[in-house]
Amino acid sequence: MLNRLVYFSERACDDAAIGGFMGEAARRNRSRNITGLLMTDERSFIQILEGPRGAVSSLFQEISRDPRHHGIVLVEMTEIAAPSYPLWGMAHVSDPERIDDAWRRVMRHRSEPWPLTAFQLRGLLKIAMGGA
């Protein structure tokens with residue numbers, strides 16, 4: 001059974017720390033059959049994780065204990081028939097122009113992630129990755 005998990009959190013680390021863990025996270029996620037996308041800006045993380053329910057739940061528990069995240073909010077955990085983004089592996093988007101454009105297309109102005117629904121957050125990330 002596959003699941004999709006969407007969360008956001010306050011970012012409590014610098015860009016160097018993100019660059020340092022992305023490669024290891026991608027390798028570890030591949031070994032767990034987890035795919036997804038992480039969007040980072042100067043204030044927050046927004047992430048979609050997809051994969052086997054147990055693996056996704058276990059990873060989210062690890063993320064919840066990670067000091068680089070503050071105020072984690074689980075927005076969605078739902079069963080899915082197939083991965084939405086099988087080619088993404090563990091994609092990462094942090095380009096401010098792409099992120100600002102995605103925010104404008106979803107909300108008309110830059111905002112915090114919490115007024116958005118899971119559907120809107122998934123759309124935001126897809127746009128930021130250039131998929132819409």
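Visitor: How many bridges join strand S1 to strand S4?

Guide: Two strands pair if DSSP finds at least two bridges between them. In this predicted model, 9 bridges join S1 to S4 (residues 69–80), and the two strands run antiparallel. Within this pairing, Leu-5 stands opposite Met-77 in S4. Strands (E, at least two residues) and helices (H or I, at least four) are DSSP runs, numbered from the N terminus.

Visitor: In which sense do S1 and S3 pair?

Guide: S1 pairs with S3 (residues 44–52) in the antiparallel sense, over 9 bridges. Phe-8 has Ile-46 in S3 as its bridge partner.

Visitor: Why is S1 described as largely enclosed by the rest of the structure?

Guide: Buried means under 20% relative accessible area (1.4 Å probe, protein chains only). Of the 10 residues of S1 (residues 2–11), 8 are buried, so the strand is largely enclosed.

Visitor: How are two packed helices described?

Guide: The angle between their axes and the distance between the axes are used. H3 (residues 96–107) and H4 (residues 118–128) pack at about 140°, with axes 8 Å apart. Axes are lines fitted to C-alpha atoms over the stretch in contact, and angles run from 0 to 180 degrees between N-to-C directions.

Visitor: What conventions apply to numbering and confidence?

Guide: Residues are numbered from 1 along each chain as its sequence is written. Local features need pLDDT of at least 70, side-chain atom pairs count only at pLDDT 80 or more, totals for chains, interfaces and linings use all residues, and side-chain values use heavy atoms, leaving out hydrogens and water.

Technical notes: Buried < 20%, exposed > 50% of the residue type's maximum accessible area, 1.4 Å probe, protein only.
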